Amino acid sequence: MAYNTRPTAKQREVSRKVLQEGKSVSRAMRESGYSLAVAKNPQKLTRSKGWKMLMDKLFPDELLARKLRE
């Protein structure tokens, strides 16, 4: 069975709140509509395939390597 691993709208919203507004992942999750139970365990989001795909897109290896060299 194939699963859709693309980032969801909620995942994209959480990433925006974390990166642009400086909020914690847990707070951004609550504000984006995740349940309190899920938001208390942000690793449920950050370990998901969709989140990892989104982070790879936002932070490609080349960019990270360049910043590390700086």
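**Salt bridges around Lys-17**

The side chains of Lys-17 and Glu-31 meet in a salt bridge, with N and O 3.5 Å apart. A salt bridge here is a side-chain nitrogen of Lys or Arg within 4 Å of a carboxyl oxygen of Asp or Glu. Lys-17 lies in helix H1 and Glu-31 in helix H2 (residues 25-31), so the pair ties together parts that are 14 residues apart in sequence. Helix H1 covers residues 9-21. Helices are DSSP runs of H or I, at least four residues, numbered from the N terminus.

The model is predicted; local features need pLDDT of at least 70, side-chain atom pairs count only at pLDDT 80 or more, and totals for chains, interfaces and linings use all residues. Residues are numbered from 1 along each chain as its sequence is written, and side-chain values use heavy atoms, without hydrogens and water.

Lys-17 is buried, at 9% relative accessibility. Glu-31 is partly exposed, at 33%. Buried means under 20% relative accessible area, exposed over 50%, and partly exposed in between (1.4 Å probe, protein chains only). Beyond its neighbours within four places in sequence, Lys-17 contacts Gly-22, Lys-23, Ala-28, Glu-31 and Ser-32. Contact means heavy atoms within 4.5 Å.

Glu-31 also pairs with Arg-27 in a salt bridge, where the closest N and O atoms are 2.9 Å apart. Both residues lie in helix H2, 4 residues apart, about one turn of the helix. Arg-27 is partly exposed, at 43%. A network of salt bridges links Arg-16, Lys-17, Glu-21, Lys-23, Arg-27 and Glu-31.

The structure holds 6 salt bridges. Among them is the pair of Glu-70 and Lys-67, at 3.5 Å between the closest N and O atoms. Glu-70 is exposed, at 67% relative accessibility.

Technical notes
Helices (H or I, at least four residues) and strands (E, at least two) are DSSP runs, numbered from the N terminus.
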